[in-house]
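Please examine the sequence and the model displayed below.

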There are 2 protein chains.
Amino acid sequence: MQMTLTAPAPSHADIRSAGILASVRQAFLDKGFDGASMQDLARAAGISVGNFYRYFPSKAAIIQALIEHDADMVQRDFAAILTSDQPMATLRQVIRARVLGDACADDLALWTEVEAASRHSAEIAQAAQRMETEVLGNFLAVFAAETGLSLAQAHQRYSTTASFVLVMVKAASCLSCGAHIDHTAVRAMILASIDQALGQVAP
Amino acid sequence: MQMTLTAPAPSHADIRSAGILASVRQAFLDKGFDGASMQDLARAAGISVGNFYRYFPSKAAIIQALIEHDADMVQRDFAAILTSDQPMATLRQVIRARVLGDACADDLALWTEVEAASRHSAEIAQAAQRMETEVLGNFLAVFAAETGLSLAQAHQRYSTTASFVLVMVKAASCLSCGAHIDHTAVRAMILASIDQALGQVAP
DNA sequence: TTTCCCTGAATGAACGTTCATTCACACTGG
DNA sequence: CCAGTGTGAATGAACGTTCATTCAGGGAAA
């Protein structure tokens, strides 16, 4: 008997679903959750419309799966951060890469869409909020590890800092998606603000 | 003959259109640009579907008019700021109110939707970008007035600062629209970052 | 054959838009 | 005062299209 504490087994359908999700992401980015039709999604995934319903029961389910997939990725990133030698330093490095790098890349580009959709759909809002509290919790876990405080103490002292950092990272990610100006300097200012905030935790 | 340099005359239809726009805003907020149907909009405005097309040629035109209306409001705010005794101090005060106050109020609540829609519609992206450059230009005008520099010089020195402040104000506005946590402390941190950036212009 | 994956046409609902029609009312000639 | 006439605002049903979803069946592997 195998001990698998994480996932039971990545079945064939699960792998296929993940591939479909990856293909579908760009279509949602181009047209939005409401704007992208099932035919657009099918074309993007390279499968027929009907076949879609073998893997996802509805269009809404696709969106939810997409968000949860991203949440899993974030969770995995934080797992790596927390098990690294110096979690706080690693976190700073990851944040720096996110803010300065081409943040319009894969996962964060969908966030604008998710935030907008959260206003209209209670289910999406719930998924988005779950992801956000998850990230905040991971921030605080890093802070707790860095300072030696308990999670409760870290929450009490640094939850504002964590929220602030999250807001700033999101703000930086939404930058320059309209590709008109070079936002490098602005990104640097944002990163400076983040570093300043993180300095309150560990100077 | 009357000298009207601003608007020629607010015709009856124009007044009516403005009223319709105000009514329609909440419907768009509730369901999104794509999610709100013409029947939703008509119900919100208290008129029939067909009558809508007397005032706006298409659904897209309603959205564009909504954005341009908000742009006019912003322009009016900046006109008041620039003609005040101390433009820089007034600007700081307005920003403080926007960041700390209930920014989910009328105009800024639509911005999330606009940013998302900008990805899918070139026309909306254009309108949004026009509004953004307009705001940045006004920021720089205030900075120029404060420092005594020319507009070109102010642009060269402070355009990054202006972009940063705009990003921060937008970030603060998108906060706490999911009404789960009290973001007062986070707002205060954002305001502190903005004040710090503005301090580079006028200490 | 049975089983499984897949297709693309079919379906009814809902969409944005248009249109024939109705309504309220001001103005006229008597 | 009243019929007659013209006007523009307003309606809601109808149009063609597109949507999400379903389904009868094709074709390969076992």
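In this predicted model, a polar side-chain atom of B:Tyr53 lies 2.7 Å from a phosphate oxygen of DNA strand C. This pair is a polar contact, meaning two N or O atoms within 3.5 Å; within protein, one must be able to donate a hydrogen and the other to accept it, and residues adjacent in sequence count only if both atoms are side-chain atoms. The elements that give two or more residues to the surface near DNA strand C are α3 (49–55) of chain A and α3 (49–55) of chain B. Helices here are DSSP runs of H or I with at least four residues, strands are runs of E with at least two, and both are numbered from the N terminus. The largest share of this surface, four residues, comes from α3(A).

The model is predicted, and local features need pLDDT of at least 70, side-chain atom pairs count only at pLDDT 80 or more, while totals for chains, interfaces and linings use all residues. Residues are numbered from 1 along each chain as its sequence is written, chains are lettered from A and ligands numbered from 1 in the order in which they are written, and side-chain values use heavy atoms, with hydrogens and water left out.

Which residues come nearest to DNA strand C? Of the 15 residues around it, they are A:Arg16, A:Tyr55, B:Met38, B:Tyr53 and B:Lys59; a residue is near a strand if one of its heavy atoms lies within 4 Å of it. Sugar and phosphate account for 62% of the atoms of DNA strand C that come within 4 Å of the protein. By class, the residues of this surface are six nonpolar, six polar and three charged. Here Ala, Val, Leu, Ile, Met, Phe, Trp, Tyr, Cys and Pro count as nonpolar, Asp, Glu, Lys and Arg as charged, and the others, Gly among them, as polar.

DNA strand D also has 15 residues around it, of which A:Met38, A:Tyr53, A:Lys59, B:Ser48 and B:Tyr55 come nearest. Sugar and phosphate make up 61% of the atoms of DNA strand D within 4 Å of the protein. Phosphate oxygens of DNA strand D lie 2.6 Å from a polar side-chain atom of A:Lys59 and 2.7 Å from one of B:Tyr55.

Attention now turns to the interior of chain B. The buried residues of helix α5 (residues 87–100) are B:Pro87, B:Met88, B:Leu91, B:Ile95 and B:Val99, where buried means under 20% relative accessible area, exposed over 50%, and partly exposed in between (1.4 Å probe, protein chains only). They cover an arc of only 95° around the axis, so they lie on the same side of α5(B); the arc is that of the directions from the helix axis to the C-beta atoms. An α-helix has 3.6 residues a turn, so residues three or four places apart point the same way. The buried residues of α5(B) pack against α4 (59–82), α7 (122–147), α8 (151–173) and α9 (184–201) of chain B, contact meaning heavy atoms within 4.5 Å.
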